[in-house]
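Please go through the sheet and the pocket of this protein with me, one feature at a time.

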Amino acid sequence: DESGAFFVEYRLKRDRTRDQEIEMLNQVLDNPHSSPAAKKEAEERVLSTIDLMEQELMVENMIRAQGYDDCVFFFRDRLATILVKKENLTSSEFVMIAEIVAAAVGIERENVQVIGRP
């Protein structure tokens, strides 16, 4: 099904991009010529990327646990967007999803965008 493929493909692309980012950061960490400041920054970015990956997985699993077939979660600069596999979200579903996401990542509900995608 085409719509299910969107969610799977998005996650695969996200994972590939993250793997490439972490690989580049690990090259900085493994390079004996990298400055201590560059190594510290690379280490912080690896850790923040891992934290983000854990948050994405947690939020996506929480939404699926509510009975939705699939979803993908984006989080950047304290703004969250979640695409949920459902054609028409009711206002109560929208609010419930926004509240779950906001509580999970520690932001205001107003900073969560919920989008239904068939």
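The dialogue below treats the sheet, its helices and the pocket in turn.

Q: On what basis is the model read?
A: This is a predicted model, in which local features need pLDDT of at least 70, side-chain atom pairs count only at pLDDT 80 or more, and totals for chains, interfaces and linings use all residues. Residues are numbered from 1 along each chain as its sequence is written, and side-chain values use heavy atoms, without hydrogens and water.

Q: Over how many bridges do β2 and β3 pair?
A: Strand β2 (residues 79-85) pairs with β3 in the parallel sense over six bridges; A80 stands opposite V112 in β3.

Q: Which residues lie nearest the centre of the largest pocket?
A: A pocket is an open set of 1 Å grid points, over the protein atoms alone, where a 1.4 Å probe fits, with protein on both sides within 12 Å along at least five of seven lines; lining residues have an atom within 4 Å of a point. In this model 18 residues line the largest pocket, and R18, E21, L52, F75 and R76 lie nearest its centre.

Q: Which element supplies the largest share of that lining?
A: Helix α1 (helices being DSSP H or I runs of at least four residues) supplies six residues, the largest share.

Conventions: Helix = DSSP H or I, 4+ residues; strand = E, 2+ residues; numbered from the N terminus. Pairing = 2+ DSSP bridges.
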